[in-house]
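Thanks for making the time, everyone. I would like to walk you through one chain, beginning with the whole and then moving to a few of its parts.

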Amino acid sequence: MSASVSNVFPIHLYNTLTRQVEPFEPLASPHVGLYVCGPTVYGSPHLGHARSAVTFDVLVRLLRTVGYNVRYVRNITDVGHLTDESGDGGEDKIAKKARLEKIEPMEVVQQYTVEYHKGMDALNCVRPSIEPTASGHIPEQIALIERLMDAGYAYEVEGSVYFDLNAYQASDFEYGALSGKVLDELQHASRGTLGQDEKRSPHDFALWKRADESHIMRWSSPWGEGFPGWHLECTAMSTKYLGETFDIHGGGLDLQFPHHEAEIAQACGAHGTSPAKVWMHHNMVTLEGSKMSKSSGNFVTLQQLFDGDHTLLSKGYDPMVVRFLLLQSHYQSPIDFSDRALQAAEKGFARLMSAVTLAPKLGIESADFQGNSDLLESLQKINASTPVETELLDGMKEAFKEITQDLHTAKAIAALFGVSSVLQALVNGQKSRDEVSDDVLGTVLAAYQMVVRDILGFDAPAAQGQGSMDRVEGLMDILVELRASARSNHDYATSDLIRDRLAAQGITLKDGKGGVVEVEYDSPEE
């Protein structure tokens, strides 16, 4: 990677806080601090977890590709996440799982953390730079609470400590800027519950909860034995590793309120400043129209997706197909899961990867560049002298531009399909190889590989590997030859049978001049 940041294709990101797409300008370029809310590890990872990991994996890959030095922090919540997320009530999710399975809470944490890592590794997601756990940062959380109490934004009641939202509202800070929720309206809607518990206001949230006799996960504090609040954990960990203010905070749309709103309040109260410059939120994965979540039992685990072990699945799917399914929609759009969508993604992924190994067939190798910045500058500066070169260069520029415009992976993939079709036409002879210079073709092939592998994070299917992919291409060549032979012998029944059987698998054979055949794969469904 180049030591300098390429400004050829400037990155723009949608900021939930400002409600607009903005040019991304790090606080201390070329360094970028990114914090993402990770999983609460009390169950097997599912497609919802995968969407978060894949979304921010593409962001990290993009930032690093253009030359930024990214510190990527993603936490593991292993204590404090209660079953009643909005009301600080119910049982700790991990403790509940441990009680039901009659094991130690940290056995639950260990088992599902390992499963989570295994699933994200299969999806080819880069590991975070730092992966802190909530239970490993109790001293930092206690210190943060003490700071909030000293500033007048927190109060203690019989061993529990709560954030005082009325005191916060009376200051110069604004509560609700991220989510658009107004505290006065929330309190008016909750007047019937006011006074039913120990909080001064029903929307005050727990910073520290006292532990009753049966609560296994507990730590000593100035207020007695207890455990930290869910919202507090992320503020303490992001501050420790990224500073009081950092570049990007990411997470799911369902975390916008109250979790991220509470994080902002805690950071402003303790440090006098909002924690992140840019807030990014991905949309949800739905299953038959309902949010996919463990707590509701409405989910499909990643392992079930890979194995095909679910009533909604006709078979198992390669992890790269699952990744393709997630990236064929913009991260802010919802995805409704179905077996049909996975089948379409499988065909789309095959089409996308078909151009990755075409260099030998085109009689050229990808050009050698001094890092990605050098490649991006070459892609921008190189001139087209023929219509075919224009198609290739414009397609690659469009693909990279779409990714830099708020991670629009769906539009980028569509542009890559256009480039792939031109490359396939050059291989099949439908377009003349003489119409493309080695410089242009080498640059395009290198850029295609960079976008597909380095940024979108796609690799050869795990079950196949490169050798098997080559064999598949060889089998396609044989089928095309057999069909051509049948046609020359006027055996149209066999010719049509081969064509129709391939079409049923999403592979279209298009006959051209001189007997040349172009092979096309179905596009993914929008």
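Of the 526 residues in the chain, 55% are buried, where buried means under 20% relative accessible area, exposed means over 50% and partly exposed lies in between, with a 1.4 Å probe and protein chains only. Please keep in mind that this is a predicted model, in which local features need pLDDT of at least 70, side-chain atom pairs count only at pLDDT 80 or more, and totals for chains, interfaces and linings use all residues. Residues are numbered from 1 along each chain as its sequence is written, and side-chain values use heavy atoms, with hydrogens and water left out.

The chain holds 17 helices and 17 strands, which are DSSP runs numbered from the N terminus, with helices being H or I of at least four residues and strands E of at least two.

Let me turn to strands β3 (residues 31-36) and β4 (residues 69-74), which run parallel and are joined by six bridges; two strands pair if DSSP finds at least two bridges between them. Within this pairing, L34 has Y72 in β4 as its bridge partner.

What is buried in helix α12? Spanning residues 372-381, α12 has N372, S373, L375, L376, S378 and L379 as its buried residues, and their cover includes α1 (47-65), α13 (387-404) and α15 (438-455), counting as contact heavy atoms within 4.5 Å.

Finally, R340 sits in helix α11 (residues 339-353), and R340 counts as exposed because its relative accessibility is 60%. Between R340 and L313, the C-alpha to C-alpha distance is 8.9 Å, although they are 27 residues apart in sequence.
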